[in-house]
Amino acid sequence: MKLCNESVASSSSSRHSSNNKLAESENAAAENSNNMSWGTELWDQNENLGIHTNRGIDALDKFANFLRDRVTIETEYAGKLRRLVKNYQPKKKEEEDNEFTSMQAFRNLLKEVGDLAGQREVVSESLQLQIIQGVTLLSKALREDRKKCLSDGAMLQQNLTTQLSSLERAKRNYEKAYRDSEKAVDNYKKADMDLNLSRAEVERYKNIMTSKIQQSDDAKNEYANQLQKTNNLQQQHFSILLPAVLSRLQELDEKRTRGIREFIIGAAEVESSVAPIIARCMEGIVKAGESINEKEDSFKVIERYQSGFAPPTDIPFEDLSKLDPDSLQDHYNNSMSNHLTMRGTMSANKIKKRVGIFNIFGSNKNSLTADGQKEDFSDLPPNQQRKKLQAKIAELQQKIAQETNARDGLMKMKIVYEANSSLGNPMTVEGQLNESEHKLEKLKIDLKKYQGYFERANQAQVANNSPQANRNQLQNGHRTSRHSNGSADDHHDEGDDQPDDAGSLSRSGSEDNVAQIQNGHNNNNNGSASPESGLGTSHTSLPGSGQGSANENAIGEDAYFETEVEPLQPLGTCRALYPFEASSEGSIPMNEGEELQVIEIDQGDGWTRVRRANDSNGWDEGFVPTSYIECTLYA
């Protein structure tokens, strides 16, 4: 609307300037008309001038029709642009893609195209109101003036023709009277010389001669009078009356010509008035294109679809010769089942039951939502579960805020009714107030429930996504356990159930520790959890920091002791592409653009170990996501 108002204002100013130019052009044309006039130069071309002026007005009407057709095209173009924008507006099912910069840029593009359509509508309206109406009124006025001029010219010509006819009659009468008088004179002379005629006869011829001479003189005087009138009228006609009419036709034609010129300029000014706004629309489209960030979109794809599972480790070699022949087939079947249900090898939508470190996907007690998912979204991967829970919590908080405002409004209304009963009965609000309280209480219960789900999901996420736990899983992919028969067997550190009679000590130690974490207790003397869980006392604690693991203590004879080692030599440097907040054990935060030292490259778990100097002349070491940094390794 603002753009349209600017266009209307600019169009109004251009219309005033166009009127001023038209007045100046008329004054200049008036000065030129004194030098060259149709009345003096084309006094004998009245008919051709009538034809010329008619063709000129037809050309003006043709220009008006051209503008009408252009307005129609502009209107259709604007309408089609608006339909195009409407047809390509993101659908409701596509709203989740609006977080990508490419989709946001496309939406901004549609908005700018809609503004372009608005400017084409402004051009169409301005041409219709300012130019076409002006052309139509001018054409109508010119036709009326031309008709009047031609009528006046015809009347003048009719008067001149009438006077010429009178002069011609007077001249013929004079000629006839003159011949008659000459004949009468001849007859009298003959009679006077004829001695045979009587005096009376001679006198009669004399009287006839005198009468004819008198008639001839009267006709001569009439002829002279008509001739004088005709000459006067003819001189006035060709020097004053007809030039005035022809000059009016000239002014009329010049006005038409100036009108076409000014209307063409006005149409261009209408187009120019919206050009800055169209240029801004183009700038908006360019800015929308420049706002697309492929790295940011790739990062958002990771955020959307990242499951939170670690890639599967190497499948251990199992020596079947050391197993009992009776349990060989069962062991083979279980091994295949474990392989098929390994973390990260199947889609979360296809996994019916998964036993993880916190058993967060093993509960079937939750009711299903309308879209077939569990109430706590435990059937989704960890990251997706946390996002769903966050969205649900935000939705509940919004509903609570709305319901709280509604309840406060009802309470104020009740207080007003109690203070002034004439305004209403307080009891009518009581029922609505009780219902609102009931809804609010239910929403708070749901909020607390989902906050509990979210807290448990966060605990599980910290344990599963710890860089220490992932690194330990890769470095210690085979856990040696002692069986009752004294043979050693390798088991994957997944916590999956195995058909062992005695069970592995390492698995028992991990499961006991996990149970302690889930119950909110930790029985380790040093206050730190096992490297399997990835939980510790600080974000910067790392493997090899002197903290013993519960799993290693449980192994017994295979336990080993860690000793302090020299600081690792840097393998290269890296630059942070994105800011990262350390939310898991063993990781360190970093800011965008920060330079760090690489002391251990990614081992396939998605984490890189880095180091930086701190304010106390020491070093901070920890893990950061590999996808968040750009590494430059030394040769």
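Glutamate 121 is partly exposed, with a relative accessible area of 28%; buried here means under 20% relative accessible area, exposed over 50%, and partly exposed in between, for a 1.4 Å probe and protein chains only. The model is predicted, so local features need pLDDT of at least 70 and side-chain atom pairs count only at pLDDT 80 or more, whereas totals for chains, interfaces and linings use all residues. Residues are numbered from 1 along each chain as its sequence is written, and side-chain values use heavy atoms, with hydrogens and water left out.

**Salt bridges**

Side chains of opposite charge can pair when their charged atoms come close. The structure contains 26 salt bridges, each defined as a side-chain nitrogen of Lys or Arg within 4 Å of a carboxyl oxygen of Asp or Glu.

| Arginine 70 | Glutamate 74 | 3.7 Å |

In the last pair, arginine 82 belongs to helix 3 and glutamate 121 to helix 4, and the two are 39 residues apart. Helices (H or I, at least four residues) and strands (E, at least two) are DSSP runs numbered from the N terminus. Arginine 82 is partly exposed, at 38% relative accessibility.

Salt bridges with shared partners also join Arg70, Glu74, Arg120 and Glu271 into one network. Within it, arginine 70 and glutamate 74 both lie in helix 3 (residues 46–87), four residues apart, or about one turn of the helix. Arginine 70 is partly exposed at 23% relative accessibility, while glutamate 74 is buried at 9%. Arginine 120 is buried, with a relative accessible area of 11%.

**Aromatic contacts**

Rings of Phe, Tyr and Trp (its six-membered ring) pair if their centres lie within 6.5 Å; planes under 30 degrees apart count as stacked, over 60 as edge-to-face and the rest as tilted. Phenylalanine 299 and tyrosine 628 make an edge-to-face pair, 5.1 Å centre to centre with 80° between the planes. This pair links distant parts of the chain, 329 residues apart: phenylalanine 299 is in helix 6 (residues 294–305), and tyrosine 628 is in the loop between strand 6 (619–625) and strand 7 (629–633). Both phenylalanine 299 and tyrosine 628 are buried.

Tyrosine 628 also pairs with tyrosine 578: their ring centres are 5.8 Å apart and their planes at 80°, so this pair is edge-to-face. Tyrosine 578 lies in the loop between strand 3 (572–576) and strand 4, so its pairing with tyrosine 628 ties together parts that are 50 residues apart in sequence. Tyrosine 578 is buried. Ring pairs link Phe299, Tyr578, Phe580, Trp607 and Tyr628 into a cluster.

Charges also sit over rings, defined by NZ of Lys or CZ of Arg within 6 Å of the ring centre and within 35 degrees of the ring normal. Arginine 204 lies over the face of tyrosine 205, at 4.9 Å from the ring centre, and arginine 611 lies over tryptophan 619, at 4.9 Å from the ring centre.
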